Amino acid sequence: MINIITKKSLKNHSRLSASSYAESIGQYNFDLQASTGFKKFGIQTNFQRNFFQGFSTDETSRAKTWKPRTQYLADLNFSYFLKNGTLRFNNSFFDEKTTDKGVSTINSFEGTATDQYYLTRRIGSGLFYDKKLNNKWSLNVIATYQNYRRIRRSVFIDLTTLDEHLVNDADVQDTNYFNLYMSRGILTNRTAHKKLNYQLGYEVNIDEVTGSKIQNGYASIGDYGLFGSAELKVNKQLVVRPAVRYIYNTQFAAPIIPSLNIKFDLNTNWAMRASYARGFRAPSLKELHLAFVDPNHNLHGNENLKAETGHNFQLAFTRIAKIYKNYTLTIEPMLFYNKINNMIDLVRLNATTVAAQYNNIANFENAGFNLNTSVASNTVTMQVGYAFSAKQNSIMAQSNTNTYFYTNEFRANTSYTFTKNETSLSLFYKYNGAMQNYQYNLVDNTIILGNIADFSLLDFTVNKYFLKRKVNVTFGSKN
């Protein structure tokens with residue numbers, strides 16, 4: 001991996017940067033960023049191209065196991081700086097083409113193949129308003145729109161002339177359009193010396209889909225919410241944050257959603273945090289209706305899904321202390337427990353293919369323990385973490401073996417900075433333990449035991465600045 005960034009600082013606070021990224025498997029990315037500011041205005045823009053040439057262990061095959069893919073991304077931001085606030089307008093663009101080259105058929109007279117193109121385009125716009133009204137009140141409002149289009153196109157190609165024409169079969173041609181409208185507003189009353197601060201707000205999400213594979217060609221779902229939260233400083237050690245949310249969903253009944261967070265400083269070095277939250281999630285339109293079939297996916301929606309509800313508990317401790325000269329030690333153990341009713345997950349349609357459908361797998365539970373530790377100074381950072389979790393769902397409970405599956409995770413990373421020559425070395429390691437899971441086979445009403453073997457990741461990078469930090473070079477290896 002090579003990453004080169006150049007920066008240019010002008011009198012009007014302009015900035016220009018470029019970066020490139022390459023991997024030996026045929027991944028080549030390029031990114032260009034620019035920004036400038038003048039008086040009360042600011043402009044930021046970004047352009048990125050990601051290219052993957054495809055990969056297969058059989059180099060002679062036209063078809064690739066990992067499919068070729070080209071992506072274009074662009075962002076444009078306008079900012080207007082108000083007195084004690086900001087008004088920002090954002091536009092984003094994403095375009096992707098994935099190519100599934102079919103196996104060629106060649107004889108003495110011709111060479112042909114059937115290829116499939118998967119074309120994804122996402123265009124979004126957003127308006128962001130942030131204003132401090134006075135010493136007590138502040139207002140934050142967001143309004144966004146996003147359009148998502150996905151096309152599946154199958155073509156018959158003549159390999160001698162490279163001429164293409166669409167396959168005359170409606171089952172292998174498909175187009176879907178998604179529109180997402182979102183708005184959220186938060187009014188905050190906060191003063192540093194007050195014992196009680198609070199927030200009031202609203203949130204609206206409207207999702208629409210149009211497509212040939214959707215029943216009646218169109219579907220929509222709306223989610224409207226009102227919420228409020230407070231922060232009560234009982235004393236110097238204890239802070240209590242209750243919150244509540246009311247939701248109206250156009251298709252699913254939603255309960256009142258309460259939550260409670262407590263922070264208690266045991267002493268100058270130790271702090272405790274405890275929280276409870278009730279949860280609700282309505283199925284998305286993609287989970288309800290979308291048929292997502294491409295070379296890497298075969299996923300199907302389910303119009304009979306139920307909404308998820310659940311409960312979450314967390315208990316965490318934090319210790320921060322100086323241990324030697326300018327070294328700081330941080331220890332963060334945490335316990336958690338989640339219970340979800342009518343959890344939505346992918347269920348295999350049969351045991352011989354990768355086709356899967358979204359279904360409610362009844363009840364799901366998981367509990368676990370996380371431990372993060374770090375030692376840091378101005379030049380050295382060392383972090384070590386461990387996570388253990390156990391999970392169960394109703395399908396697993398029907399099996400004759402253990403009703404819980406356990407997973408372990410270990411991670412460690414370290415970095416060292418040479419301040420004189422502005423060079424840093426970083427090493428990251430992560431071990432993911434083996435994972436097992438039961439899934440329900442809808443075809444023959446059997447329980448399938450699946451697993452993912454354990455694996456490790458190791459990354460190493462060297463970062464160096466040149467020309468008074470105007471040029472930055474990153475070199476390293478991944479996986």
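Arg149 lies in strand 9, where strands (E, at least two residues) and helices (H or I, at least four) are DSSP runs numbered from the N terminus. The model is predicted: local features need pLDDT of at least 70 and side-chain atom pairs count only at pLDDT 80 or more, whereas totals for chains, interfaces and linings use all residues. Residues are numbered from 1 along each chain as its sequence is written, and side-chain values use heavy atoms, with hydrogens and water left out.

Arg149 is buried yet has no salt bridge. Buried denotes a relative accessible area under 20%, exposed over 50%, and partly exposed in between (1.4 Å probe, protein chains only). A salt bridge requires a side-chain nitrogen of Lys or Arg within 4 Å of a carboxyl oxygen of Asp or Glu. The nearest side chain of opposite charge to Arg149 is that of Asp95, 4.6 Å away; in this assignment Lys and Arg are positive and Asp and Glu negative, while His and the chain ends are not counted. With neighbours within four places in sequence set aside, Arg149 is in contact (heavy atoms within 4.5 Å) with Leu119, Thr120, Arg121, Asn176 and Tyr177.

For the protein as a whole, the secondary structure comprises two helices and 30 strands. Of the 479 residues, 32% are buried. Among contacts between residues at least 6 apart in sequence, 53% join residues at least 24 apart.

Strand pairing, which requires that DSSP find at least two bridges between two strands, is illustrated by strand 26. Strand 25 (residues 405-418) and strand 26 (residues 423-432) are antiparallel and share 10 bridges, with Ala412 opposite Tyr429 in strand 26. The two strands form a hairpin with four residues between them, and Glu422 in the turn has a positive phi of about 55°. Strand 26 is also joined by 10 bridges to strand 29 (residues 455-466), again in the antiparallel sense; here Asn432 has Phe455 in strand 29 as its bridge partner.

Across the whole structure, 14 aromatic pairs are found. Rings of Phe, Tyr and Trp (its six-membered ring) pair if their centres lie within 6.5 Å; planes under 30 degrees apart count as stacked, over 60 as edge-to-face and the rest as tilted. Phe47 and Tyr72 form a tilted pair, 6.4 Å from centre to centre with 35° between the planes. This pair links distant parts of the chain, as Phe47 belongs to strand 4 (residues 41-52) and Tyr72 to strand 5 (residues 69-82), 25 residues apart. Phe47 is partly exposed at 37% relative accessibility, as is Tyr72 at 32%. Trp137 and Tyr198 form an edge-to-face pair, with 5.8 Å between centres and 80° between planes. Because Trp137 lies in strand 9 (residues 137-158) and Tyr198 in strand 12 (residues 196-211), the pair ties together parts 61 residues apart in sequence. Ring pairs also link Phe38, Phe41 and Tyr80 into a cluster.

Charges placed over rings were identified by NZ of Lys or CZ of Arg within 6 Å of the ring centre and within 35 degrees of the ring normal. Lys97 lies over the face of Tyr117, 4.4 Å from the ring centre. The charged end of Lys286 sits over the ring of Phe178, at 5.6 Å from its centre.

Thr268 is located in the loop between strand 15 (257-265) and strand 16 (270-281). Thr268 counts as exposed because its relative accessible area is 78%. The C-alpha atoms of Thr268 and Ile320 are 8.7 Å apart in space, although 52 residues separate the two in sequence.
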